[in-house]
Amino acid sequence: MFCAADFTGGPGGPADAVAAAARRCAELGGGRVVVPPGVWSSGPVELANDVELHLEEGAVVEFVADWRSYLPETTVRWEGMECVSLRPLVHARGARNVAVTGRGVLRGNGAYWHERFGSKEERIARSIRLRGMRTIPPLERLLVAEDDLLRPSFVCFIGCRDVLMEDFTIESGPMWTLHPTYCQGVTLRRVVVRTSGPNTDGLDTDSCEDVLVEDCEFCTGDDCIAIKSGLDDDGVRVGRPCRNVVVRRCRMLGGHAGVAIGSEVSGGISDILVSDCEMRGTGIGVRLKSRPGRGGYVRDVRFENLRMRDIVSTAIHFDLDYIQSADYPDGGAGGTSVEDVSFADISCRGAKIGVFLRGNPAMPVRGLSFSKMDIHADGKLVTEGFPVPYSDDGTL
């Protein structure tokens with residue numbers, strides 16, 4: 001089914017054309033919104049059951065730079081905590097069989113959000129304010145006044161099943177770029193992510209199950225791919241792990257880390273495979289991070305056949321004492337247990353540190369292994385808090 005929209009005005013046509021077509025598809029019980037070539041201004045677009053947003057080659061959907069356009073507010077998960085704030089630019093909630101496809105472009109006007117709401121000081125202040133609400137029911141954690149606003153995720157599917165994102169380019173987002181949350185059955189294929197600015201992760205799989213990410217390319221202002229499951233006691237309360245995630249044949253060409261596990265791990269993370277990926281020019285190659293107060297667990301994680309080059313800082317960064325700062329007090333969820341994390345067939349040409357390992361007495365680690373490592377770095381191995389830093393068989 002093709003859902004007609006008023007695209008007759010040509011590029012720069014009606015600001016609600018894409019959103020109106022998506023609403024029409026939902027009313028008809030599903031369909032395909034085909035966006036033709038041209039630059040189309042849009043407010044937030046909401047997808048429903050069996051609705052596909054298809055961007056033809058040459059189509060650019062550019063989202064308006066005005067926070068008021070993303071009201072009325074809605075429930076979201078922001079940096080691992082549930083609250084009420086602005087609507088994501090593209091979103092669906094509780095839907096089945098939803099998709100964004102095609103060779104067009106989604107453009108988020110990130111500069112507006114970063115300049116207005118994105119300074120480090122403002123983000124920390126908002127994060128601290130949200131953390132201070134953790135004893136308040138989520139629907140009463142209201143962050144919708146201009147002084148409290150949280151930058152929205154770009155594409156966010158919440159509680160959906162059978163989600164497809166394929167072939168498009170997405171750039172210049174406000175915050176986390178692709179953010180499936182509480183979803184089951186997510187496929188991300190041949191998507192190009194180009195972002196800059198604070199906290200503009202490429203993909204955050206947040207308490208999702210059965211996720212496949214393949215043949216994608218990332219160059220971001222933060223982590224290229226991050227796997228998360230909720231923050232501190234709020235993540236424990238929700239209790240939804242992130243599990244069964246496969247990342248393969250992806251390229252990470254800039255950002256804080258190529259692939260990061262955490263630091264929001266409070267709902268648990270398990271059964272993760274990252275293989276056959278290239279990381280070039282990222283700050284860190286692969287990273288696992290947590291800290292006291294996070295709770296949760298990380299287990300059965302494998303990194304295999306990764307090729308790294310020109311890593312700015314550390315090829316492999318394993319840190320269980322992340323964010324040592326009075327700004328972020330103990331989250332009240334206890335320590336994180338880590339079990340069966342392996343690195344195999346890893347090559348790196350150029351890094352300041354090859355492997356950084358920092359443990360914490362409150363967070364037991366069992367089964368951390370390295371094999372077939374070929375890393376050329378200024379410093380090969382740095383350890384803190386591991387009583388036996390390295391054994392002959394490469395197992396910690």
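## Close-up views of a predicted model

**View 1. Strands cover the buried face of helix 1.** Strand 1 (31–35), strand 2 (38–42), strand 3 (45–46), strand 4 (51–55) and strand 5 (59–63) are among the elements that cover the buried residues of helix 1. Those buried residues are Ala-17, Val-18, Ala-19, Ala-21, Ala-22 and Cys-25, and the helix itself spans residues 17–27. Just past the end of helix 1 you can find Gly-29, whose phi is positive, at about 90°. Remember as you look around that this is a predicted model.

**View 2. How confident is the predictor in the protein chain?** The mean pLDDT of the chain is 91, and 91% of its residues reach 70 or more. Residues 388–396 have a pLDDT below 50, and this stretch makes 13 contacts in the model beyond its near neighbours in sequence. Where pLDDT is low, predicted coordinates should not be read in detail.

**View 3. Helix 2 packs against helix 3.** Helix 2 covers residues 110–117, and its buried residues are Gly-110, Tyr-112, Trp-113, His-114 and Phe-117. Their packing partner is helix 3 (120–131). Asn-109 is not a glycine, yet its phi is positive, at about 55°. Is Asn-109 buried, partly exposed or exposed? Its relative accessibility is 24%, so Asn-109 counts as partly exposed.

**View 4. The largest cavity is lined by twelve named residues.**
The structure holds two cavities of 30 Å³ or more, and the largest has a volume of about 70 Å³. Around it you will find Val-76, Arg-77, Trp-78, Ser-85, Leu-86, Pro-88, Leu-150, Arg-151, Pro-152, Ser-153, Cys-156 and His-179. Which strand gives the most to this lining? It is strand 6 (residues 74–78), with three residues. Sorted by class, the lining has seven nonpolar, three polar and two charged residues.

**View 5. The second largest cavity has charged and nonpolar residues in its lining**. Its volume is about 30 Å³. The lining is made by Trp-78, Phe-117, Arg-123, Arg-126, Leu-149, Leu-150 and Arg-151. By class, four of these are nonpolar, three are charged and none is polar. Take a closer look at Arg-123, which belongs to helix 3. Arg-123 counts as buried because its relative accessibility is 16%. Arg-123 and Asn-199 are 76 residues apart in sequence, and their C-alpha atoms lie 9.3 Å apart in space.

**View 6. Asn-199 is buried in a loop**. The loop runs between strand 15 (192–194) and strand 16. With a relative accessible area of 11%, Asn-199 is buried. Its phi is near 60°, a positive value in a residue other than glycine.

View 7. Ser-207 lies in the loop between strand 16 (203–206) and strand 17 (209–214). Why does Ser-207 count as buried? Because its relative accessibility is 2%. Its side chain forms a polar contact of 2.9 Å with the side chain of Arg-77, and it also reaches the backbone oxygen of Arg-240 at 2.7 Å. Leaving aside residues up to four places away in sequence, Ser-207 touches several others, including Tyr-182, Cys-183, Lys-228 and Pro-241.

View 8. Ile-269 is surrounded by residues from other parts of the chain. Ile-269 is found in strand 23 (residues 269–280). With a relative accessible area of 0%, it is buried. Two peptide bonds are cis. One joins Leu-71 and Pro-72, with omega at about 5°, and Pro-72 is in the loop between strand 5 and strand 6. Another runs from Gly-262 to Ser-263, with omega near 5°. Ser-263 lies in the loop between strand 22 (255–261) and strand 23.

**View 9. Arg-358 makes a polar contact with Asp-319**. The two side chains meet at 2.7 Å. Arg-358 is in strand 28 (residues 353–358), and its relative accessible area of 15% makes it buried.

Methods:
Residues are numbered from 1 along each chain as its sequence is written. This is a predicted model: local features need pLDDT of at least 70, side-chain atom pairs count only at pLDDT 80 or more; totals for chains, interfaces and linings use all residues. Side-chain values use heavy atoms; hydrogens and water are left out. pLDDT is the predictor's confidence in each residue, from 0 to 100. Contact means heavy atoms within 4.5 Å. Helices (H or I, at least four residues) and strands (E, at least two) are DSSP runs, numbered from the N terminus. Buried means under 20% relative accessible area, exposed over 50%, partly exposed in between (1.4 Å probe, protein chains only). A polar contact is a pair of N or O atoms within 3.5 Å; within protein, one must be able to donate a hydrogen and the other to accept it, and residues adjacent in sequence count only if both atoms are side-chain atoms. On a 1 Å grid over the protein atoms alone, a cavity is a set of points where a 1.4 Å probe fits but cannot get out, and a pocket is an open set with protein on both sides within 12 Å along at least five of seven lines; lining residues have an atom within 4 Å of a point. Grid points are joined across faces, edges and corners, and a volume is the space filled by probe spheres set on the points. Ala, Val, Leu, Ile, Met, Phe, Trp, Tyr, Cys and Pro count as nonpolar, Asp, Glu, Lys and Arg as charged, and the others, Gly among them, as polar.
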